[in-house]
Amino acid sequence: MRKIQAVIFDLDGVIVDTAQFHFIAWKELAAEWNYTLTPEDNEKLKGVSRMDSLNKIAQWANVQTKPEQLLDIAHRKNEIYLRFCNQLTPQHVLPGISTLINTLKANGVFISLGSASKNARFVLDKLGLLDVFDVVVDGNDVSKSKPNPEVFLKAAQRMGVSPEHCVVLEDAPAGIEAALAANMKVIGLGDAIELQKAHLVLENTINLSLVQLNQIKIKGVA
Ligand code: B16
Ligand code: MG
């Protein structure tokens with residue numbers, strides 16, 4: 001019986017709650033198209049890359065925009081988003097994450113980041129976590145965004161661990177799909193119905209133990 005050798009952490013929604021920042025920033029830009037972005041819309045943007053998110057909003061707003069204008073909007077959205085991220089401190093790391101990271105490291109389990117965000121390193125730095133991960137794979141390293149498994153497969157490859165020995169922690173349906181497509185175990189963090197395709201769904205990582213992580217593998221829950 002093999003044990004879990006690596007845990008891959010999503011960033012937004014798993015390590016830190018930056019979804020609220022994305023929401024405020026996208027809402028401001030969508031208003032320029034006279035579109036009121038709703039919290040339900042924002043749920044659909046979780047784990048989705050910046051440009052893919054923008055294309056979705058353009059579709060919902062029923063606008064057709066030239067590629068250079070889209071790039072300008074994406075740039076301005078990111079400026080707003082980064083102003084919020086600039087205020088992040090280690091206190092914003094979500095409950096349970098630091099303890100889990102310490103436990104994994106003490107037990108020789110590799111840890112990697114697997115995020116769609118191109119701002120991941122900046123955010124990790126603000127949280128005091130940049131040097132903690134063995135490997136960081138983010139939106140700058142991949143050409144296909146979640147639900148494509150590229151981000152997680154790249155993380156496994158860089159850690160030298162085969163996908164079936166990795167567990168992914170994810171808060172978004174697109175990320176769960178990506179982890180399953182990578183042939184990895186996945187724990188959904190958040191709503192049990194929304195994340196029902198995950199092998200296990202928890203509210204957060206408080207009390208998530210190494211034993212529990214290994215049990216997912218042992219039970220082989222489908
Ligand atoms: P950026 P994750 C994702 O991060 C966010 O959930 C998603 O809302 C965002 O659009 C995407 O990163 C790209 O972020 O604009 O910073 O490159 O959940 O995969 O860590
Ligand atoms: Mg996320």
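Good morning. The centres of domain 1 and domain 2, taken over C-alpha atoms, are separated by 24 Å. These domains cover 6-16 + 90-215 for domain 1 and 19-85 for domain 2, with bounds from an automatic or database domain assignment. To their contact, domain 1 gives 13 residues and domain 2 gives 11 residues, where contact means heavy atoms within 4.5 Å.

Please note that this is a predicted model, in which local features need pLDDT of at least 70, side-chain atom pairs count only at pLDDT 80 or more, and totals for chains, interfaces and linings use all residues. Residues are numbered from 1 along each chain as its sequence is written, chains are lettered from A and ligands numbered from 1 in the order in which they are written, and side-chain values use heavy atoms, with hydrogens and water left out.

Where does ligand 1 lie? Both domain 1 and domain 2 give residues to its shell, so ligand 1 lies between them. There are 18 residues around ligand 1, and Val48, Ser115, Ser117, Lys118 and Asn119 come nearest; a residue is near if one of its heavy atoms lies within 4 Å.

Let us turn to the polar contacts, that is, pairs of N or O atoms within 3.5 Å. An oxygen atom of ligand 1 is 2.7 Å from a side-chain N or O atom of Asn119. Polar backbone atoms also take part: that of Ala116 is 2.8 Å from an oxygen atom of ligand 1, and that of Leu45 is 3.2 Å from an oxygen atom of ligand 1.

Terms used. Polar contact = N/O pair within 3.5 Å; in protein donor to acceptor, adjacent residues only side chain to side chain.
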